2 protein chains.
Amino acid sequence: MESADRQFKMKWWGWGAENVRAALSQSPATLDFLRSRLGVEGLEAPSKLRLESVRIPDSRLDGPLREKLAGIIGAENCRDDHRERVLHSVGKGYKDLVRLRQLELDKATDVVVYPRNEVEVVAILACCREMRLAVIPFGGGTSVVGGLEAEPGEQRLVVTIDLAFLNRVLGIDEISRTATVEAGIFGPELETRLSERGFTLGHFPQSFEFSTLGGWIATRSSGQNSLRYGGIDKLVESLRIVTPQGTVETLRVPRRADGPDLTQMLIGSEGAYGVIVSATVRVRPKPAAQDYWMYAFKDFRTALEAGRTLVQTGVPPALLRITDEEETVASFALGHRPARGGRALKRRFGQWLLTRKGFRPPQLSTLLVGFEGSADHNDRQRRVVRRHLSRFECVSLGRSLGRRWLATRFELPYLRDELLDNHLLIDTLETATTWSGLHPLYVAVRTAIEKAAQDQGEPIIVFTHVSHLYPDGASLYFSLLGRQKRSDPIGQWWAIKRAAGDAIRAHGAVISHHHGVGMDHRAQTGWSPIERQMLVQLKQTLDPTGIMNPGKLL
Amino acid sequence: MESADRQFKMKWWGWGAENVRAALSQSPATLDFLRSRLGVEGLEAPSKLRLESVRIPDSRLDGPLREKLAGIIGAENCRDDHRERVLHSVGKGYKDLVRLRQLELDKATDVVVYPRNEVEVVAILACCREMRLAVIPFGGGTSVVGGLEAEPGEQRLVVTIDLAFLNRVLGIDEISRTATVEAGIFGPELETRLSERGFTLGHFPQSFEFSTLGGWIATRSSGQNSLRYGGIDKLVESLRIVTPQGTVETLRVPRRADGPDLTQMLIGSEGAYGVIVSATVRVRPKPAAQDYWMYAFKDFRTALEAGRTLVQTGVPPALLRITDEEETVASFALGHRPARGGRALKRRFGQWLLTRKGFRPPQLSTLLVGFEGSADHNDRQRRVVRRHLSRFECVSLGRSLGRRWLATRFELPYLRDELLDNHLLIDTLETATTWSGLHPLYVAVRTAIEKAAQDQGEPIIVFTHVSHLYPDGASLYFSLLGRQKRSDPIGQWWAIKRAAGDAIRAHGAVISHHHGVGMDHRAQTGWSPIERQMLVQLKQTLDPTGIMNPGKLL
């Protein structure tokens, strides 16, 4: 089997399908932004990287083990060729892409196995347990927190289980509005299959095109429309996980009070407790219409207040998303497409209008409001939203920017590769806290990042959005953009990341709102020693010999 | 301190405040129902029970331990008098009340302690751990699943910790709409305090008047308005629990993805992991108006379909509640207040109208729909509901029955004492499953109960309502009414309960939707051996010497 059989074929060295590249260099606004803010004088040609050139340690797979694994899954599904091993040895974080571009990984998975069904997953785990191997479950491979690579110093042979074959929809219960689906299914395939029956899961993380249901559950993911549909923890009614101690399937019930919630003990287990093989998820009728509107605010703080008001009304829209001034500037610059003719005129008129009202575009904070449902429902909700927003100093920028956001919602990570080609540090990190703590946290994290970057010798631009709002609080999603410290890009990145995490912890906020812990956040979780012990004991119960994704989460 | 200091003083032998009795005997409709359905020929005078007459084993509290406990909490808060011990030795389940009426408990708590703050809770647990005592946390004392009594064969001295003094509101964050509250606060007090600031928790279980925040969290409770506000698991943002291994306070964040959900591992822990001492809960503005409407359906099945339609619209009302035909008949009979003059005329006209439309009152299934919010919001929602209901054969019974339900929502358990006085078996049990499995489960559980009752020699009436609806399923709440088997009332009850639980398990449903496990459901949880092991390991992590509420949950 070629890895090309996997439906969504990613660039091994970056984001997105191999034939899609972002067009950073074509935009004068982008060039101007990079020049004026970061001193980037000219763009370099896209780098040409050959996978064959990536140096990785030799595989330690020997004949007897190969035979054993091949006996379970068939020789063609037991892969230790260079390409498969490189593809499965890291995720898609900044650190990962930098290392790939350096054409050197100091550790790599020894063998990639593709089980065809749950029975084979069980057999593989039994084999790995018996042989004392390390096991890394692998969905779409988009972890940005070091969730997929072998732990430094791992002495055991490392087996990566790619769940690409476990991609069937096992059943849709239209009455109960649930779907039972295998964990290896990718986002678009799942939505297509649900859509055929008129449903949607409504889970659209930015990695949507390249990530899987199992990955979403394992990392406690949250989609861009979490306001309407809920994070993956709300969407999962029940799940099935193969652990070294046996298989667990939690009850398929809408709610239960027979003790602590067992399903919630497994969502977010990051492969450290077992391999999630299927889940029953709550689905909804596909909305008849989508209606997205953009509003401009003079400053982030006011936009936050407006967002809080809307989410606390009790009938929130399908999406709320707030950018701070820096992010508005950056996204206008980085996402800019030159307008011509009527559109250019319209854009100029809009800017003139904003300026007349005392706004200073593009130094704006924006609020994106999305409605999903029948046209009637959307209109009704929009009227409610408009009424609430009338209490704030803001201007509607209309539908076109909303439509554009919807159309390009998964594109941003593509840009990262172009920025990396130009030796820029580009990364994101997220946290969440209560509303009363949100702005102080925002200031503290930005300050910490800026100071750490300064200490590393390169200034950094921090831009921020809020994309998950709750009645009691919200997430903060920070993007970082600066020049790489060429002598030690990963050291520079770690220093900044650590400073951000320290500020988050100091404010009693959480180190991850939806990316998970992986290896990168292990040292900065907010668990007390007893809480850590709870998680450790659960792992020991399900994985007593510690073969499952060692070093992740815990 | 008198136990009278506790704000809500329950009858020791039944439900409700001591000076409130239900007026069963005054209603001819009730008498007629009991006579025709159960052969009850005449009502007996309310029984007169003296607490002093209840025989319990002597307390094993000795001088040195008394001194030790008194040293922590003060002598006046360390109680081993007969009254305190009887009040704290059982809950409020049928089995409990039968045993109290038999004036004999074969086991009892040895001492009741009233800590005044968290520090004292910590010290008590340390003392109990050192002395190897059994500890039972006690909130309002309304467990109906045997969550408060010592395990049969318990050899250790039993200490009950009553949290009545931990009843302060520690803080309200109006911006984030959360309140941090001590666990021993009772429902009405909590709502009063929140109400002063314009908020409500919206958590109204039937035990509301006599149960506490900590009890709700420990048993994973759900209120009658769960549709709008969510069960207690949704309402708790963070909690603080004192365990024998130390105190845990989970992060106060709206959402987190740093591994499995630690808060959800503690909600539903039933005192077996530790003593919940406080929690931060999500509150909402108190609704400006409440508007409750009753609709009649010819049969339960159609009403279920209507309920499912409403809850799956995505904008459900604040409450939906469906009674089956038996429950409608029973509640008209048991809750009947004779109408006079205009009201009697109106009632007769309504019945005539229903009959003309082919309905057979009181053989109806009813749907109660509650709206809570601004008058505008309620009107808008009611129009949406009416549009959906127009597709079903149903008749609006108007607001007055809805208003009456609201006014008497906590009254039903009061009636139980009168029925017990007449040697009737009266109990409830609940479960939950998906919509597609709901009606089959309903039939199976009813059949199992009826058969088990028949085998015990006394027929039984089973009436059912659905009071918690979710897009993917709903709860079923069964009430049982029959004649007591005088020779062995508890054996009769156990046989019926076991049969119901077996049917629930056979259908893949859950043994408890919101009452918890306690001791009564231990043998019928739907956990696999591995899931049980997960819960056992968590207990061992937090309570390695097994002092916390032994025999409950696990």
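## Interface between chains A and B

In this predicted model, 81 residues of chain A touch 81 residues of chain B. About 6100 Å² is buried between chain A and chain B. Carbon and sulfur atoms give 62% of that area.

On the chain A side, the most area is lost to chain B by A:Arg255, A:Asp472 and A:Met534. Together these residues account for 13% of what that side buries.

## Salt bridges across the interface

How many salt bridges are there between chain A and chain B? The count is 4.

A:Asp472 and B:Arg282 form a salt bridge through their side chains, at 2.7 Å from N to O. A:Asp472 is also among the residues of chain A that lose the most area to chain B.

## Helix packing within chain A

Two packed helices are described by the angle between their axes and the distance between the axes. Helix H11 of chain A spans residues 300–311, and helix H17 of chain A spans residues 435–455. They pack at an angle of about 155°, and their axes lie 11 Å apart. Angles over 145 degrees count as roughly antiparallel, so H11(A) is roughly antiparallel to H17(A). The crossing of H11(A) past H17(A) is right-handed.

Which residues meet here? H11(A) brings A:Phe300, A:Arg301, A:Leu304, A:Gly307, A:Arg308 and A:Val311. H17(A) brings A:Trp435, A:Leu438, A:His439 and A:Tyr442. The residues of this contact between H11(A) and H17(A) comprise 6 nonpolar, 2 polar and 2 charged.

Methods: Residues numbered from 1 in each chain as written. Chains lettered and ligands numbered in written order. Predicted model: local features only at pLDDT ≥ 70, side-chain atom pairs only at ≥ 80, totals over all residues. Heavy atoms only, no water. Axes fitted to C-alpha atoms, helices over the stretch in contact; angles between N-to-C directions. Helix = DSSP H or I, 4+ residues; strand = E, 2+ residues; numbered from the N terminus. Parallel < 35°, antiparallel > 145°, perpendicular 65-115°, else oblique. Left-handed = near helix turned anticlockwise from the far one by under 90°. Contact = heavy atoms within 4.5 Å. Nonpolar A, V, L, I, M, F, W, Y, C, P; charged D, E, K, R; others polar. Buried area = accessible area lost by both parts, 1.4 Å probe.
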